[in-house]
Amino acid sequence: MRCNYGIKFIHDVGSMLPYHHNLTTSGYRALAYSGDHDIDMPYLGTEAWVRALGFSIVDDWRAWYSGGQVAGFTRSYSNNLTFATVKGAGHTAPEYKPKECLTMLDRWLSGEPL
């Protein structure tokens, strides 16, 4: 079974925003990505979470490519935070679009723009 919805939820860990804000303002790079066909956690929710960090936009929305095709869209923020969508990917983006996700990760780890 892939997702177990029968788990009884009894504890909330609270907001992780302070931890992510602390890490990125301390100089650590971060990549947040979402599949644009994720029905469980739509990319708009991830985008709202990223905006809640309050960082200014350095490079506004633009397409990123893999194999000469549009693989998604990306936006860069101050404090070395990158947000990207993966076109046509669901909740587990690398499972749906492995080539595109590998391209994204390779570029990000190499410090290259998506």
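1. Let's start with charge. The protein chain carries 10 positive and 11 negative side chains, and the centres of these two sets lie 2 Å apart. Lys and Arg count as positive here and Asp and Glu as negative, while His and the chain ends are not counted. Each charge is placed at NZ of Lys, CZ of Arg, CG of Asp or CD of Glu.

2. A word on what you are looking at. This is a predicted model, where local features need pLDDT of at least 70 and side-chain atom pairs count only at pLDDT 80 or more, whereas totals for chains, interfaces and linings use all residues. Residues are numbered from 1 along each chain as its sequence is written, and side-chain values use heavy atoms, with hydrogens and water left out.

3. Next, the overall picture. The protein chain has 4 helices and 4 strands (DSSP runs numbered from the N terminus: H or I over at least four residues for helices, E over at least two for strands). The C-alpha trace spans about 45 × 35 × 20 Å along its principal axes.

4. On surface and burial: 31% of the 114 residues count as buried (under 20% relative accessible area; exposed is over 50% and partly exposed lies in between, with a 1.4 Å probe and protein chains only). The accessible surface is about 7,500 Å², and carbon and sulfur atoms hold 57% of that (Shrake-Rupley method, 1.4 Å probe; for residues, only the protein chains shown count as cover). If you take the contacts with a separation of 6 or more, 54% join residues 24 or more positions apart (a contact means heavy atoms within 4.5 Å).

5. Now the sheet. The 4 strands make an open sheet with mixed pairing, in the order β1-β4-β3-β2 (two strands pair if DSSP finds at least two bridges between them). At the edges sit β1 (30–35) and β2 (57–66), each pairing on one side only. From one strand to the next the twist averages 20° (axes are lines fitted to C-alpha atoms, for helices over the stretch in contact, and angles run from 0 to 180 degrees between N-to-C directions). As background, strands of a sheet pair through backbone hydrogen bonds, either parallel or antiparallel.

6. Which way do β1 and β4 pair? They run parallel, with 6 bridges between β1 and β4 (residues 81–86). A30 has L81 of β4 as its bridge partner. Helix α4 (residues 98–110) packs on this sheet and touches β1, β2, β3 (69–77) and β4, with its direction at about 135° to that of β2.

7. The antiparallel side is worth a look too. β2 and β3 are joined by 7 bridges and run antiparallel, with W64 opposite G72 in β3. These two strands form a hairpin with 2 residues between them, where G67 in the turn has a positive phi of about 60°. β3 and β4 also run antiparallel, over 4 bridges.

8. Have a look at the loop between β3 and β4. This hairpin has 3 residues between its strands. N79 sits in that loop and has a positive phi of about 65° although it is not a glycine. N80 belongs to the loop as well, and its phi is also positive, near 60°, again in a residue other than glycine. Why is N79 called partly exposed? Because its relative accessibility is 29%; for N80, which is partly exposed too, the figure is 44%.

9. S76 stands opposite T82. Leaving out residues up to four places away in sequence, T82 touches A30, L31, A32, T74, R75, S76, W108 and L114. With a relative accessible area of 13%, T82 is buried.

10. Is T46 buried or exposed? It counts as buried because its relative accessibility is 18%. T46 lies in helix α2 (residues 43–52) and touches S34 and F83, not counting residues up to four places away in sequence. H20, in helix α1 (residues 17–25), is partly exposed at 33% relative accessibility. Under the same exclusion of residues up to four places away, H20 touches W49 and L53. H20 and V50 are 30 residues apart in sequence, and their C-alpha atoms are 9.5 Å apart in space.
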